[in-house]
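Okay, thanks for making time, everyone.

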Amino acid sequence: MELLVASAVGVLTAGGVYLILRLRAFPVILGLSLLSYAVNVFLFSSGGLAVNLPPILNKYAPDQAYTDPLPQALVLTAIVISFGMTALLVMVALGAYLESDTDKVDMDAPDASGDEETSK
Amino acid sequence: MNHWIIAPVVLPALMAPLIAFVMRYDIVLARAASFVSTLGLLAVSIALLVMVGDGDILVYRLGDWPAPFGIVLVVDRLSALMVLLTSILALLTLTHAAATGWDARGRHFHALFQFQLMGICGAFLTGDIFNLFVFFEVLLIASYGLMIHSGGVQRIRAGLQYVVINLAGSTLFLFALGTLYASTGTLNIADLAVRVQEIPAEDAALVRVAAILLMTVFAVKAAVFPVQFWLPGTYANAPAPVAALFAIMTKVGAYAILRVHALVFGPHVEAMQDMPGDLLFIGGIVTVAIGAFGVLGARRLMPLIAFSVVGSMGTLITALAAFRPEAVTAALYYLVHSTFAAAALFLVADLVVARRTDDRLTAQPPTVQNGLFAALFFGGAIAMAGMPPLSGFLGKLVILDALREPGEIWAAWVAILAGSLLTIIGFARAGSMIFWRSTATEAPVPTEAAPAPDATPATPMQLAPSMAAMALLAALAVFAGPVTRYLQGATDELFDYTAYVTAVLYVDNEGKDLSKGHGDDHGDSYGEDHGEEGYGDDGHGEADSPEADELPAHRANDAEAHGAEAEHVED
């Protein structure tokens with residue numbers, strides 16, 4: 001169980017970092033999404049992994065075992081935020097692509113590009 | 001509980017949607033509402049400053065949940081100062097944006113501006129580290145909108161980079177929080193301060209990883225080497241009033257470093273062995289160098305100012321990393337100074353660049369009011385470079401005076417003094433090129449391809465914000481004594497972390513009935529609460545109350561310990 005979750009986080013993170021380093025708008029967006037999935041799984045496991053247990057304290061249950069509810073609340077917050085941020089990123093990337101006709105994320109040095117633009 | 005504590009968050013949070021939904025087609029109304037909100041914020045922040053002026057630490061428990069189970073807002077002298085700084089800066093940049101018409105060049109400037117203020121004030125006030133993440137996201141998502149306000153190819157591409165780097169930073173923040181929670185079982189800053197100290201040095205690997213991850217995230221915000229690279233492109237391409245407001249955003253990072261370092265991972269913690277401080281010191285020195293060389297090498301005005309901001313953050317972080325009371329007081333003084341200096345420079349530069357064809361550092365025909373702009377730019381430049389008579393000189397002087405330990409004096413003095421020299425040279429070169437060489441240049445005959453630049457003189461309202469920023473810098477130099485006394489008080493509070501912990505966790509921390517049952521023999525608040533609320537009245541009752549040792553160990557013991565101690569304090 002621990003091995004499965006740990007390697008899932010690792011693989012997702014590695015894929016995310018690789019895609020971000022591609023420096024093209026679409027891979028970067030996918031990479032950031034993968035990273036946010038990785039961090040969600042990671043947060044979920046930060047309270048300890050417990051299978052088949054409720055996240056609430058139930059004193060009528062036979063052994064009163066429960067899984068830590070706080071990481072679940074954190075993950076919920078993180079999911080909502082990363083979803084909103086991804087939507088915003090898609091819009092900004094689309095705007096940049098339509099304005100400049102290139103989906104490269106990296107820019108030339110601010111000085112150089114300014115010179116080019118004004119010398120045209 | 002004092003409800004004014006949450007006003008700096010609630011006021012902009014209410015005004016922003018109102019402006020966005022009700023006043024979206026009426027720029028005059030939106031401006032008025034934005035001004036009213038910002039003035040209200042200023043009034044509240046002055047009131048908060050007065051309230052904590054005698055050393056009180058005020059705590060606001062959201063929903064009246066006792067800490068560490070609920071989220072708390074905490075105001076001490078440092079937080080109150082930062083909120084006041086934010087509201088003054090917001091008023092200056094808002095005046096500039098309205099007077100120059102920047103706010104009308106795109107949609108929703110004022111709504112985003114208010115959301116930005118909400119996020120910044122929240123980040124300064126919160127006492128919960130996950131809540132800090134949420135406020136970071138609020139201020140970031142507003143800053144994304146402000147950064148690409150009014151559009152343009154370069155600006156949107158720079159904005160895309162800014163969004164990407166900060167999303168990656170947010171992910172790292174979550175990784176850090178997960179690690180921290182896994183190793184300590186809490187996210188309340190005061191509770192963390194207690195818990196991290198209990199970790200023995202040999203078990204500290206995980207919490208050290210969390211500390212370094214967290215410091216890296218804050219370093220991204222504060223633009224400290226090796227994660228400073230996003231700042232010049234962002235600030236240089238952002239609309240000038242937004243860049244001026246962003247001067248406080250780097251300080252959010254510095255504030256977070258200071259707060260977390262002082263309370264949780266400081267030199268007093270056995271598990272850390274002051275590792276973050278050592279790394280920050282190196283980062284600060286390199287950042288000073290990057291800023292200085294950037295100022296010297298810049299070929300356009302806006303990147304030049306942006307690099308000078310990088311340099312000032314380096315100076316600030318170098319002083320913070322030493323983490324002795326006198327160094328932190330000096331750093332806080334310099335923090336206030338560099339915020340206004342950077343804002344003043346961006347605002348003046350905007351007035352100049354709007355009257356030139358672009359912001360390249362080349363000789364172009366002089367603008368109208370060339371002498372006035374030159375004088376203002378000169379004032380901002382000597383403030384940023386740290387020359388007398390403005391407060392930059394005093395700020396750097398006290399920082400140098402504080403950094404006299406044998407291990408750090410060489411690196412710190414050489415970096416800060418040489419950095420200041422290079423900054424002076426860079427600004428002198430830029431100023432003489434823009435304002436002096438220009439007077440020797442003839443204006444070309446305007447053609448259709450190259451129309452004559454705007455020749456309208458700046459109105460008093462357009463000049464007022466940058467002049468007010470200069471006046472504040474002068475006032476900061478004149479009233480250095482009282483300001484430093486206040487900052488010393490803030491520093492004392494930071495170093496006395498037990499006062500912070502006591503204020504948050506023990507004083508009046510009953511909140512709801514959550515901890516009421518702790519005095520009972522069962523010692524289990526969860527079971528008791530159920531009983532009182534009527535869920536347990538069906539015969540099972542108290543006998544079924546789960547024992548503490550059946551709960552996951554750290555949470556249960558935790559509730560026990562705090563409840564017991566809270567009662568002890570009350571007795």
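Let's start in chain B, with B:His108. This is a predicted model, by the way. B:His108 counts as partly exposed, because it has 18 C-beta neighbours inside 10 Å, and the cut-off for buried is 20 or more. What makes me stop there is the backbone: phi is positive, about 60°, although B:His108 is not a glycine. As a reminder, most residues other than glycine have a negative phi. If you want to find B:His108 on the screen, go to the loop between helix 3 (77-100) and helix 4 (109-125) of chain B.

A:Leu23 isn't a glycine either, and its phi is positive, near 60°. Look for A:Leu23 in the loop between helix 1 (2-20) and helix 2 of chain A. Buried or exposed, or something in between? A:Leu23 comes out as partly exposed, because it has 14 C-beta neighbours inside 10 Å.

Most peptide bonds are trans, of course. In chain B, the bond from B:Ala67 to B:Pro68 is cis, with omega near 0°. B:Pro68 sits in the loop that links strand 1 (58-61) to strand 2 (72-75) of chain B. Then there's a cis bond between B:Pro388 and B:Pro389, where omega is about 10°. That one is in a loop as well: B:Pro389 falls between helix 14 (370-385) and helix 15 (391-402) of chain B.

Now, chain A as a whole. Chain A has 120 residues, and 29% of them count as buried. For contacts with a separation of 6 or more, 55% come from residues 24 or more positions apart.

How does chain A meet chain B? On the chain A side 38 residues are in contact, and on the chain B side 43. Helix 2 (25-45), helix 3 (69-100) and helix 4 (110-119) of chain A each supply at least two residues to that side of chain A. The largest share, 14 residues, comes from helix 3 of chain A. As for composition, the chain A side splits into 22 nonpolar, ten polar and six charged residues.

On to the core. The largest nonpolar core has 236 residues, and the ones touching the most other members are B:Ala319, B:Leu320, B:Ala331 and B:Ala343. Helix 13 of chain B, residues 325-353, gives the most to this core, with 21 residues. Zoom in on B:Leu320: leaving out residues up to four places away in sequence, it touches B:Ala254, B:Ile257, B:Leu258, B:Leu280, B:Val328 and B:Ala331.

In chain B, helix 6 (residues 153-184) packs on helix 8 (residues 205-222) at an angle of about 155°, with the axes 8 Å apart. Angles over 145 degrees count as roughly antiparallel, and therefore helix 6 and helix 8 of chain B are roughly antiparallel to each other. The crossing is left-handed. Among the residues that meet are B:Phe173, B:Phe175 and B:Leu180 from helix 6 of chain B, and B:Leu206, B:Leu213 and B:Val217 from helix 8 of chain B. The residues of this contact divide into 14 nonpolar and five polar, with no charged ones.

That's my tour; happy to take questions.

Technical notes:
Residues numbered from 1 in each chain as written. Chains lettered and ligands numbered in written order. Predicted model: local features only at pLDDT ≥ 70, side-chain atom pairs only at ≥ 80, totals over all residues. Buried ≥ 20, exposed ≤ 12 C-beta atoms within 10 Å, placed from the backbone. Contact = placed C-beta atoms within 7 Å. Helix = DSSP H or I, 4+ residues; strand = E, 2+ residues; numbered from the N terminus. Nonpolar A, V, L, I, M, F, W, Y, C, P; charged D, E, K, R; others polar. Core = buried A, V, L, I, M, F, W, Y, C linked by C-beta atoms within 7 Å. Axes fitted to C-alpha atoms, helices over the stretch in contact; angles between N-to-C directions. Parallel < 35°, antiparallel > 145°, perpendicular 65-115°, else oblique. Left-handed = near helix turned anticlockwise from the far one by under 90°.
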